[in-house]
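Take a look at the model below.

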Amino acid sequence: MKTVKIAIMGFGNIGVGTYQGLETNHDAIAEKTGIDLRVKRILEIDVDRPRPVNPDKSVYTQNVADIFGDPEIAVVVELLGGLEPATTFMIDAMKAGKHVVTANKAAIAANYEKLMDAAKENHVLFRFEASVGGGIPVLTAIQNALLANRFEEVLGILNGTTNFILTQMTEGGRPYAEVLKEAQEKGFAEADPTADVEGYDVANKLSILISLCFGKRVKVEDIPTVGITGVTAAEIEDAKKNGEVIKLIASAHLKDGAVECSVGPQRVPLSHPLAGVSNEFNALYLKGNIVGETMFYGKGAGPLPTGSAILGDVIDIARHIEGLR
């Protein structure tokens, strides 16, 4: 049995979900892959916060040098969130010869070229499946199984908070403020929901998708973005009468070699596959010139679904390290 040691930077909900997923399925992963994945270090300040998992206290560190300077650690999982110090830490990890996995959509969208270049220059792997669609393996499909395609269109429901709110407003006729409060109570929405409800979270994800699907860079600030706070009950009812449903849609397609893209509420015909995506679920609809229409559906957020995607990336890297691919 080959052992691959990893470090997790940031032990909030997603870090815990990743650790919990590995703890739960460690033996199954080892049996399937022949690799013993072990968490050697966790970068975290608040080590005493109650969590559903209990790593040995000796695993915790507050010093990144304990990770970057440890030759036994092969893979660094960055789950700090935000632009900095996350971006700098990821690049420093690559310079130290560590492969990097992250779920940090904001850092990737803002620093895509910088991170990709750092991985190439330091001959390490950089994986970020969990940054778009949580547990839905859309990026892996785009970069592997669908690689032969020229993509013509990308449409997505890529934020569980806003989709939950719009679903409840549509199906139950409930007011926005009431549903937002419930979403926060259920853990679907943050205490400050601005990034979700104003569409910024989706814009980050769309920027990443555009880079992968079309090979072109569109910065987040250049994506026209409108959130859901202005969607009214009258608009929802009018859409219903016309056989439509309002969804927060990430949209991109090529026109004369340029990317046209947007994030905003759109009326989706009930005949379209995205119309039936409800509550906290996400979906990505892709049209390729060979494959035609295809859609990926599942839980787009949450500690365990996101942890599943992170662990998938870690396992993929471990297989490359051990020459098992």
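## Terms and ground rules

Contact means heavy atoms within 4.5 Å. Helices (H or I, at least four residues) and strands (E, at least two) are DSSP runs, numbered from the N terminus.

This is a predicted model: local features need pLDDT of at least 70, side-chain atom pairs count only at pLDDT 80 or more, and totals for chains, interfaces and linings use all residues. Residues are numbered from 1 along each chain as its sequence is written, and side-chain values use heavy atoms, with hydrogens and water left out.

## Helices α3 and α5

Thr87, Met90, Ile91 and Met94 in α3 meet Lys114, Leu115, Ala118 and Ala119 in α5. This contact divides into six nonpolar residues, one polar and one charged. Nonpolar covers Ala, Val, Leu, Ile, Met, Phe, Trp, Tyr, Cys and Pro; charged covers Asp, Glu, Lys and Arg; the others, Gly among them, are polar.

The axes of α3 (residues 86-95) and α5 (residues 112-121) come within 9 Å and cross at roughly 15 degrees. Axes are lines fitted to C-alpha atoms, for helices over the stretch in contact, and angles run from 0 to 180 degrees between N-to-C directions. The two helices are therefore roughly parallel. Angles under 35 degrees count as roughly parallel, over 145 as roughly antiparallel, 65 to 115 as roughly perpendicular and the rest as oblique.

## Helices α7 and α8

The axes of α7 (residues 160-172) and α8 (residues 176-186) also come within 9 Å, and cross at roughly 135 degrees. That makes α7 and α8 oblique to each other.

By class, the contact of α7 with α8 has seven nonpolar, one polar and two charged residues.

## Helix α12

Helix α12 has 19 residues (303-321) and should span 27 Å at 1.5 Å a residue. The expected span is 1.5 Å times one less than the number of residues. The end C-alpha atoms of α12 are 26 Å apart, which agrees.

Buried means under 20% relative accessible area, exposed over 50%, partly exposed in between (1.4 Å probe, protein chains only). After α12 comes Gly323, with a positive phi near 65 degrees.

## Loop residue Asn54

Is Asn54 buried or exposed? Asn54 is exposed, with a relative accessible area of 68%. Asn54 is found in the loop between β2 and β3 (60-61).
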